[in-house]
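Please read the following note alongside the coordinates, taking each numbered point in turn.

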Amino acid sequence: MQTYDLIVIGSGPAGQRAAIQAAKLGKRVALIEKREVVGGACISTGTIPSKTMREAVMHLSGYRYQGIYGMNYRVKEKISMADLSFRVQHVIKTEIDVTQAQLSRNEVEMLTGAASFIDPTHLLVVNSRGQSELESHNIIIATGTKPASSPTVPINGRTIINSDQILDIPQIPKTLIVVGGGVIGVEYTSMFATLGVRVILIEKMPRLLGFADQEIVETLCYHLRDKRVTLRLNESVESVEETPEGVVANLESKKRISGDMLLYAVGRQGNVEDLNLAAAGLTADNRGRITVDADYCTGKSNIYAVGDVIGFPSLASVSMEQGRIAAGNVCGVSLDTEPANYPYGIYTIPEISFVGKTEEQLTDEDVPYEVGVAYYREMARGQIQGDTTGRLKLIFHRETKEILGVHIIGEGASELLHIGQAVMILKGTVEYFVNTVFNYPTLAECYKAAAFNGLNKLTRL
């Protein structure tokens, strides 16, 4: 029986970072992965494939240049799934190689197989070559999630699919029904709409992306509708049926929505069914999520859980940080982090990124605030690169001028956000942007324009 200082189950972003952090702190670490390749769902079916597909869609459709050369501009007239998959597979292979090199460089021992608890300190690992038992007084669960299923939506992998099956569809449909207005559903809605697909998005809530700033989401909805997306909000799917022509979604409101294909993207389920959590004295909720405390410790003091398997926000970037912090706690080292300042990136077209509080949150908290807005179309860089749809929104305290939130929609939003994030974390004020010189022409100038816009409002009070 092999004994380790730490065993990590799952090699996605959370598991990788946990294993490497513990190894850097001098621990003997084993990382168990059920797949034959490292990276988990993030590299194989989730974050990396979807974001690479988005980039391929934007390039081949000519999206970035349509503002300059016209809406009919295309880099490739007839785009196929093979075109999109080619770029995705290249990036996946590279990411797997990079991840393997990082783990090897840090002397993390990689084990392939399905892990399950024998008791709180022992694991059984089963693979095609047999089985083995491992021992560790410290275990981190980072098994991630898989697409949730519903008895009313019979996934068949052809006309009714989930997000893991996107790249396996033989051709791009003419009409696509997307069920679920969360991050995954909205991202794929915008991608297929950019390809010219008629998309019908069905969401049971009254608005999309309820955790994001309402003004930014409204802007996104405007662009989706401009791409001929039909938004069916406040609607729930009662049943889905396959037809000779494609698929039909029957709504509780008695509407019937037909399309060539349906993508079911209502949430994800934790990968815990094979873990035998009961043997470790642990349980998961009905969505497979494991409850943890602020240190990512489960009900057992030697077992931690991190990443998507513990639920919201289920972001790869946050999962990495959770893994790092949990590994530090296992090793008795306190590592600094600021959960309130974690950034969000939503890779729709146009993309959204934000950090800090929304206007809705500040209103509920009775915080006096002011808003400054800048538009890409008013920046020379926006005109140069052909993106005249974006905007940057600064929210700051009306009295102290401290930055409370930054919300951006537009090309490069997830990169541009980090300027505002740094100023906010360092307790900077909106005046910082007024007194700072930005390169010209850049989209970063939006910060200065938004700061002036917000401060000008104060002078009129």
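Predicted model: local features only at pLDDT ≥ 70, side-chain atom pairs only at ≥ 80, totals over all residues.

1. The largest nonpolar core comprises 99 residues, and the members with the most contacts inside it are Met53, Leu84, Ile141 and Phe192. Of these, Leu84 can be followed in detail: setting aside residues up to four places away in sequence, Leu84 touches Met53, Ala56, Val57, Leu60, Ile79, Ile172 and Leu195. Another core, of 27 residues, lies apart from the largest one and includes Ile408, Leu417, Cys446 and Ala451.

2. How do helix α1 and helix α8 meet? The axes of α1, residues 13-24, and α8, residues 316-330, come within 7 Å and cross at roughly 30°, and the crossing is right-handed. On the α1 side the contact is made by Pro13, Ala14, Arg17, Ala18, Gln21 and Ala22, while α8 contributes Ala316, Ser319, Met320, Gly323, Arg324, Ala327 and Gly328. Sorted by class, this contact has 7 nonpolar, 4 polar and 2 charged residues.

3. Arg54 deserves a separate look. Arg54 is placed in helix α3, which spans residues 47-61, and it counts as buried because its relative accessibility is 3%, under the 20% cut-off. Leaving out residues up to four places away in sequence, Arg54 touches Met191, Tyr347, Thr348, Ile349, Pro350, Glu351 and Glu411.

4. Is Thr189 buried or exposed? Thr189, found in helix α6 (residues 183-194), is buried, since its relative accessible area is 0%. When its neighbours within four places in sequence are left aside, Thr189 is in contact with Val178, Val199, Leu201, Leu224 and Val229.

5. Cys42 is buried, because its relative accessible area of 15% falls under the 20% cut-off. Cys446 also counts as buried, at 0% relative accessibility, and Cys446 is among the residues of the 27-residue core described in the opening point.

Note on methods: Residues numbered from 1 in each chain as written. Heavy atoms only, no water. Buried < 20%, exposed > 50% of the residue type's maximum accessible area, 1.4 Å probe, protein only. Axes fitted to C-alpha atoms, helices over the stretch in contact; angles between N-to-C directions. Helix = DSSP H or I, 4+ residues; strand = E, 2+ residues; numbered from the N terminus. Left-handed = near helix turned anticlockwise from the far one by under 90°. Contact = heavy atoms within 4.5 Å. Nonpolar A, V, L, I, M, F, W, Y, C, P; charged D, E, K, R; others polar. Core = buried A, V, L, I, M, F, W, Y, C linked by side-chain atoms within 4.5 Å.
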